[in-house]
Amino acid sequence: MIAVDPALYEQMAAKVKASGSSFYWGMRLLELPRRFGMFAVYAFCREVDDIADEPGDPVEKRRQLEWWRVEIGRLYAGQPVTHPVLVALAGPVAEYKLPQEDFLAVIDGCEMDIGTAMVRPTMAALELYCDRVASAVGRLSVRVFGEDRPQGQSVANATGMALQLTNILRDVAVDAEIGRLYLPDEVLSAHGIDSHDPKEVLTHPALVAVCRDIAKIAAQHFAASDRAMLECARRTMRPATLMKEMYRGIYHRLEAEGFQPRLPPVRLPAGAKLWCVLRHGLV
(Lines give C-alpha, C1' and ligand atoms only; values in the text may rest on other atoms or scores of the structure.)
Protein backbone atom coordinates (compact mmCIF):
# COMPACT_ATOMS: atom_id res chain seq x y z
CA MET A 1 0.00 0.00 0.00
CA ILE A 2 1.33 3.43 -0.97
CA ALA A 3 2.03 5.86 1.84
CA VAL A 4 0.50 9.12 0.58
CA ASP A 5 2.25 12.31 1.69
CA PRO A 6 -0.54 14.92 2.20
CA ALA A 7 1.51 17.86 0.90
CA LEU A 8 2.60 15.96 -2.20
CA TYR A 9 -0.96 14.76 -2.77
CA GLU A 10 -2.20 18.35 -2.72
CA GLN A 11 0.47 19.38 -5.22
CA MET A 12 -0.55 16.67 -7.66
CA ALA A 13 -4.26 17.31 -7.14
CA ALA A 14 -3.73 21.02 -7.82
CA LYS A 15 -2.09 20.23 -11.17
CA VAL A 16 -5.05 18.09 -12.21
CA LYS A 17 -7.63 20.64 -11.07
CA ALA A 18 -5.79 23.50 -12.80
CA SER A 19 -5.97 21.65 -16.12
CA GLY A 20 -9.77 21.69 -16.02
CA SER A 21 -9.79 18.13 -17.33
CA SER A 22 -12.99 16.09 -17.26
CA PHE A 23 -10.76 13.18 -16.24
CA TYR A 24 -10.59 14.65 -12.74
CA TRP A 25 -14.03 13.25 -11.94
CA GLY A 26 -13.00 9.76 -12.98
CA MET A 27 -9.95 9.98 -10.73
CA ARG A 28 -12.10 11.11 -7.81
CA LEU A 29 -13.85 7.72 -7.88
CA LEU A 30 -10.67 5.97 -6.76
CA GLU A 31 -9.59 5.14 -3.23
CA LEU A 32 -6.89 7.50 -1.94
CA PRO A 33 -3.70 5.56 -2.89
CA ARG A 34 -4.93 4.88 -6.43
CA ARG A 35 -6.25 8.44 -6.77
CA PHE A 36 -2.83 9.73 -5.74
CA GLY A 37 -1.26 7.45 -8.36
CA MET A 38 -3.54 8.79 -11.09
CA PHE A 39 -2.91 12.37 -10.05
CA ALA A 40 0.83 11.72 -10.31
CA VAL A 41 0.51 10.10 -13.75
CA TYR A 42 -1.65 12.95 -15.01
CA ALA A 43 0.70 15.57 -13.52
CA PHE A 44 3.56 13.95 -15.44
CA CYS A 45 1.52 14.13 -18.64
CA ARG A 46 0.79 17.80 -18.05
CA GLU A 47 4.47 18.56 -17.46
CA VAL A 48 5.66 17.07 -20.74
CA ASP A 49 2.62 18.19 -22.75
CA ASP A 50 3.13 21.78 -21.64
CA ILE A 51 6.68 21.67 -22.96
CA ALA A 52 5.36 20.85 -26.44
CA ASP A 53 2.43 23.28 -26.30
CA GLU A 54 4.05 26.39 -24.83
CA PRO A 55 5.74 28.85 -27.23
CA GLY A 56 9.49 28.42 -27.41
CA ASP A 57 12.55 27.31 -29.30
CA PRO A 58 12.16 23.75 -30.68
CA VAL A 59 15.74 22.87 -29.72
CA GLU A 60 15.10 23.91 -26.12
CA LYS A 61 11.81 22.00 -26.07
CA ARG A 62 13.57 18.82 -27.18
CA ARG A 63 16.25 19.39 -24.55
CA GLN A 64 13.59 19.66 -21.85
CA LEU A 65 11.86 16.48 -23.03
CA GLU A 66 15.20 14.68 -23.01
CA TRP A 67 15.62 15.77 -19.38
CA TRP A 68 12.37 13.97 -18.57
CA ARG A 69 13.54 10.84 -20.40
CA VAL A 70 16.73 10.81 -18.34
CA GLU A 71 14.84 11.41 -15.09
CA ILE A 72 12.33 8.64 -15.83
CA GLY A 73 15.33 6.38 -16.39
CA ARG A 74 16.76 7.44 -13.04
CA LEU A 75 13.44 6.73 -11.35
CA TYR A 76 13.32 3.19 -12.75
CA ALA A 77 16.97 2.63 -11.88
CA GLY A 78 16.22 3.42 -8.25
CA GLN A 79 18.33 6.58 -8.33
CA PRO A 80 17.37 9.74 -6.44
CA VAL A 81 14.90 12.12 -8.12
CA THR A 82 13.94 15.58 -6.89
CA HIS A 83 11.15 16.87 -9.11
CA PRO A 84 7.87 16.65 -7.14
CA VAL A 85 6.09 14.77 -9.93
CA LEU A 86 8.83 12.15 -10.09
CA VAL A 87 8.86 11.84 -6.32
CA ALA A 88 5.08 11.32 -6.43
CA LEU A 89 5.41 8.70 -9.17
CA ALA A 90 7.90 6.54 -7.27
CA GLY A 91 5.28 4.81 -5.09
CA PRO A 92 2.70 4.17 -7.84
CA VAL A 93 5.39 2.92 -10.27
CA ALA A 94 6.46 0.26 -7.77
CA GLU A 95 3.01 -0.57 -6.37
CA TYR A 96 1.14 -0.86 -9.67
CA LYS A 97 4.07 -2.04 -11.84
CA LEU A 98 3.75 0.83 -14.28
CA PRO A 99 5.83 0.14 -17.42
CA GLN A 100 8.66 2.56 -18.13
CA GLU A 101 8.04 2.31 -21.87
CA ASP A 102 4.61 3.90 -21.52
CA PHE A 103 6.05 6.98 -19.80
CA LEU A 104 8.68 7.22 -22.53
CA ALA A 105 5.97 6.82 -25.19
CA VAL A 106 4.14 9.85 -23.79
CA ILE A 107 7.34 11.90 -24.03
CA ASP A 108 7.90 10.67 -27.61
CA GLY A 109 4.33 11.66 -28.49
CA CYS A 110 4.81 15.15 -27.13
CA GLU A 111 8.01 15.46 -29.16
CA MET A 112 6.00 14.71 -32.30
CA ASP A 113 4.14 17.98 -31.67
CA ILE A 114 7.35 19.99 -31.97
CA GLY A 115 7.86 21.31 -35.48
CA THR A 116 5.68 20.28 -38.43
CA ALA A 117 5.70 16.48 -38.13
CA MET A 118 2.03 16.49 -37.15
CA VAL A 119 0.87 18.87 -39.87
CA ARG A 120 -1.07 16.64 -42.24
CA PRO A 121 0.58 13.42 -40.99
CA THR A 122 0.19 10.07 -42.68
CA MET A 123 -2.45 7.81 -41.16
CA ALA A 124 0.31 5.61 -39.73
CA ALA A 125 1.94 8.62 -38.06
CA LEU A 126 -1.40 9.76 -36.66
CA GLU A 127 -2.09 6.30 -35.21
CA LEU A 128 1.38 6.25 -33.63
CA TYR A 129 0.81 9.72 -32.19
CA CYS A 130 -2.56 8.73 -30.71
CA ASP A 131 -1.05 5.60 -29.20
CA ARG A 132 1.73 7.60 -27.57
CA VAL A 133 -0.20 10.56 -26.20
CA ALA A 134 -3.45 8.77 -25.34
CA SER A 135 -3.35 4.97 -25.35
CA ALA A 136 -0.06 4.90 -23.42
CA VAL A 137 -1.69 7.05 -20.73
CA GLY A 138 -4.60 4.62 -20.74
CA ARG A 139 -2.27 1.66 -20.31
CA LEU A 140 -0.76 3.31 -17.24
CA SER A 141 -4.19 4.29 -15.94
CA VAL A 142 -5.84 0.88 -16.07
CA ARG A 143 -2.98 -0.56 -14.04
CA VAL A 144 -3.53 2.11 -11.42
CA PHE A 145 -7.26 1.32 -11.48
CA GLY A 146 -6.40 -2.31 -10.68
CA GLU A 147 -6.97 -4.02 -14.05
CA ASP A 148 -3.63 -5.37 -15.27
CA ARG A 149 -4.95 -8.22 -17.44
CA PRO A 150 -4.71 -8.14 -21.27
CA GLN A 151 -8.35 -7.09 -21.59
CA GLY A 152 -7.57 -3.96 -19.57
CA GLN A 153 -4.82 -3.11 -22.02
CA SER A 154 -7.29 -3.65 -24.88
CA VAL A 155 -9.65 -1.15 -23.27
CA ALA A 156 -6.79 1.33 -22.88
CA ASN A 157 -5.67 1.02 -26.49
CA ALA A 158 -9.12 1.39 -28.02
CA THR A 159 -10.29 4.10 -25.62
CA GLY A 160 -7.13 6.11 -26.15
CA MET A 161 -7.65 6.10 -29.90
CA ALA A 162 -11.34 7.03 -29.57
CA LEU A 163 -10.68 9.88 -27.17
CA GLN A 164 -7.74 11.34 -29.05
CA LEU A 165 -9.56 11.28 -32.39
CA THR A 166 -12.54 12.95 -30.72
CA ASN A 167 -10.15 15.53 -29.33
CA ILE A 168 -8.73 16.15 -32.80
CA LEU A 169 -12.20 16.53 -34.32
CA ARG A 170 -13.26 18.95 -31.60
CA ASP A 171 -10.14 21.10 -31.97
CA VAL A 172 -9.66 21.29 -35.75
CA ALA A 173 -10.27 25.05 -35.74
CA VAL A 174 -8.32 25.64 -32.52
CA ASP A 175 -5.34 23.71 -33.86
CA ALA A 176 -5.43 25.56 -37.19
CA GLU A 177 -4.99 28.83 -35.30
CA ILE A 178 -1.65 27.60 -33.93
CA GLY A 179 -0.48 25.98 -37.16
CA ARG A 180 -1.45 22.39 -36.44
CA LEU A 181 -3.39 19.99 -38.64
CA TYR A 182 -3.78 16.45 -37.30
CA LEU A 183 -6.12 15.23 -40.06
CA PRO A 184 -4.31 12.52 -42.08
CA ASP A 185 -2.89 13.12 -45.52
CA GLU A 186 -4.62 10.13 -47.09
CA VAL A 187 -8.11 11.28 -46.08
CA LEU A 188 -7.47 14.91 -47.03
CA SER A 189 -6.15 13.83 -50.44
CA ALA A 190 -9.13 11.52 -50.99
CA HIS A 191 -11.41 14.55 -50.67
CA GLY A 192 -9.31 16.76 -52.95
CA ILE A 193 -7.62 18.85 -50.27
CA ASP A 194 -4.00 19.44 -51.27
CA SER A 195 -2.95 22.35 -49.04
CA HIS A 196 -0.57 21.95 -46.09
CA ASP A 197 -1.67 25.30 -44.63
CA PRO A 198 -3.98 24.53 -41.66
CA LYS A 199 -5.92 27.81 -42.01
CA GLU A 200 -6.41 27.24 -45.73
CA VAL A 201 -7.62 23.70 -45.12
CA LEU A 202 -10.06 25.06 -42.54
CA THR A 203 -11.91 26.97 -45.29
CA HIS A 204 -12.08 24.08 -47.77
CA PRO A 205 -15.67 22.96 -48.52
CA ALA A 206 -14.68 19.28 -48.31
CA LEU A 207 -13.29 19.55 -44.77
CA VAL A 208 -16.53 18.38 -43.15
CA ALA A 209 -16.43 15.20 -45.25
CA VAL A 210 -12.88 14.57 -44.00
CA CYS A 211 -14.00 15.04 -40.40
CA ARG A 212 -16.89 12.63 -40.93
CA ASP A 213 -14.49 9.97 -42.19
CA ILE A 214 -12.30 10.38 -39.10
CA ALA A 215 -15.43 10.30 -36.94
CA LYS A 216 -16.28 6.86 -38.37
CA ILE A 217 -12.86 5.61 -37.28
CA ALA A 218 -13.36 7.09 -33.81
CA ALA A 219 -16.74 5.36 -33.56
CA GLN A 220 -15.10 2.03 -34.37
CA HIS A 221 -12.64 2.55 -31.53
CA PHE A 222 -15.44 3.48 -29.11
CA ALA A 223 -17.18 0.23 -30.07
CA ALA A 224 -13.97 -1.80 -29.64
CA SER A 225 -13.51 -0.25 -26.20
CA ASP A 226 -17.08 -1.16 -25.26
CA ARG A 227 -16.52 -4.78 -26.27
CA ALA A 228 -13.25 -5.08 -24.37
CA MET A 229 -14.82 -3.44 -21.31
CA LEU A 230 -17.33 -6.29 -21.06
CA GLU A 231 -14.45 -8.60 -20.12
CA CYS A 232 -13.22 -6.34 -17.31
CA ALA A 233 -14.36 -5.93 -13.72
CA ARG A 234 -17.05 -3.26 -13.94
CA ARG A 235 -16.37 -1.64 -10.58
CA THR A 236 -12.62 -1.57 -11.09
CA MET A 237 -13.01 0.12 -14.45
CA ARG A 238 -15.61 2.70 -13.41
CA PRO A 239 -13.13 5.58 -13.78
CA ALA A 240 -12.29 4.46 -17.33
CA THR A 241 -15.98 4.19 -18.17
CA LEU A 242 -16.71 7.67 -16.82
CA MET A 243 -13.80 9.22 -18.72
CA LYS A 244 -14.90 7.51 -21.94
CA GLU A 245 -18.54 8.49 -21.57
CA MET A 246 -17.67 12.14 -21.07
CA TYR A 247 -15.79 12.08 -24.36
CA ARG A 248 -18.59 10.12 -26.01
CA GLY A 249 -20.82 13.01 -24.98
CA ILE A 250 -18.51 15.41 -26.82
CA TYR A 251 -18.51 13.08 -29.83
CA HIS A 252 -22.32 13.07 -29.94
CA ARG A 253 -22.40 16.88 -29.77
CA LEU A 254 -19.95 17.05 -32.66
CA GLU A 255 -22.12 14.57 -34.53
CA ALA A 256 -25.22 16.67 -33.93
CA GLU A 257 -23.43 19.62 -35.54
CA GLY A 258 -22.36 17.54 -38.53
CA PHE A 259 -18.69 17.53 -37.46
CA GLN A 260 -18.36 21.12 -38.63
CA PRO A 261 -15.17 22.64 -37.12
CA ARG A 262 -15.86 25.80 -35.16
CA LEU A 263 -14.66 28.31 -32.63
CA PRO A 264 -15.15 28.11 -29.77
CA PRO A 265 -14.88 24.32 -29.82
CA VAL A 266 -17.66 22.06 -28.58
CA ARG A 267 -17.68 21.61 -24.81
CA LEU A 268 -19.65 19.34 -22.50
CA PRO A 269 -21.83 21.56 -20.26
CA ALA A 270 -21.57 21.24 -16.49
CA GLY A 271 -25.03 19.67 -16.31
CA ALA A 272 -24.07 17.00 -18.82
CA LYS A 273 -20.88 16.26 -16.88
CA LEU A 274 -22.87 15.91 -13.66
CA TRP A 275 -25.33 13.54 -15.31
CA CYS A 276 -22.41 11.50 -16.61
CA VAL A 277 -20.93 11.27 -13.11
CA LEU A 278 -24.28 10.20 -11.65
CA ARG A 279 -24.97 7.65 -14.37
CA HIS A 280 -21.54 6.08 -14.81
CA GLY A 281 -19.66 6.94 -11.66
CA LEU A 282 -22.09 5.86 -8.98
CA VAL A 283 -23.31 2.52 -10.31
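In which loop is Lys 97 found? Lys 97 sits in the loop between α5 (84-95) and α6 (100-112), with helices taken as DSSP runs of H or I of at least four residues, strands as runs of E of at least two, and both numbered from the N terminus. This is a predicted model, in which local features need pLDDT of at least 70, side-chain atom pairs count only at pLDDT 80 or more, and totals for chains, interfaces and linings use all residues. Residues are numbered from 1 along each chain as its sequence is written, and side-chain values use heavy atoms, leaving out hydrogens and water.

On to the overall fold. Along the principal axes, the C-alpha atoms of the protein chain fill a box of roughly 55 × 45 × 30 Å.

Of the 283 residues in the protein chain, 54% are buried (under 20% relative accessible area, with exposed meaning over 50% and partly exposed in between, using a 1.4 Å probe and protein chains only). The accessible surface comes to about 12,800 Å², and 55% of that belongs to carbon and sulfur atoms; the areas come from the Shrake-Rupley method with a 1.4 Å probe, and for residues only the protein chains shown count as cover. Among contacts (heavy atoms within 4.5 Å) with a separation of 6 or more, 71% join residues 24 or more positions apart.

Next, the aromatic rings. The structure holds 10 aromatic pairs, where rings of Phe, Tyr and Trp (its six-membered ring) pair if their centres lie within 6.5 Å, and planes under 30 degrees apart count as stacked, over 60 as edge-to-face and the rest as tilted. One of them joins Tyr 9 and Phe 39, whose ring centres are 5.5 Å apart with planes at 45°, so the pair is tilted. This pair links distant parts of the chain, with Tyr 9 in helix α1 (residues 6-19) and Phe 39 in helix α3 (residues 32-53), 30 residues apart. Tyr 9 is buried at a relative accessible area of 9%, and Phe 39 is buried at 0%. Ring pairs also link Phe 44, Trp 67, Trp 68, Tyr 76 and Phe 103 into a cluster.

Ala 158 belongs to helix α8 (residues 150-170) and is buried, with a relative accessible area of 10%. Leaving aside residues up to four places away in sequence, Ala 158 touches His 221, Ala 224 and Ser 225.

That leaves the backbone. Most residues other than glycine have a negative phi, and most peptide bonds are trans. Lys 97 has a positive phi of about 55° although it is not a glycine, and Lys 97 is exposed, with a relative accessible area of 60%. Phe 259, not a glycine either, has a positive phi of about 60°; Phe 259 is buried, with a relative accessible area of 9%, and lies in the loop between α13 and α14. The loop between α13 (238-256) and α14 (270-280) also holds Pro 264, and the peptide bond from Leu 263 to Pro 264 is cis, with omega near -5°.
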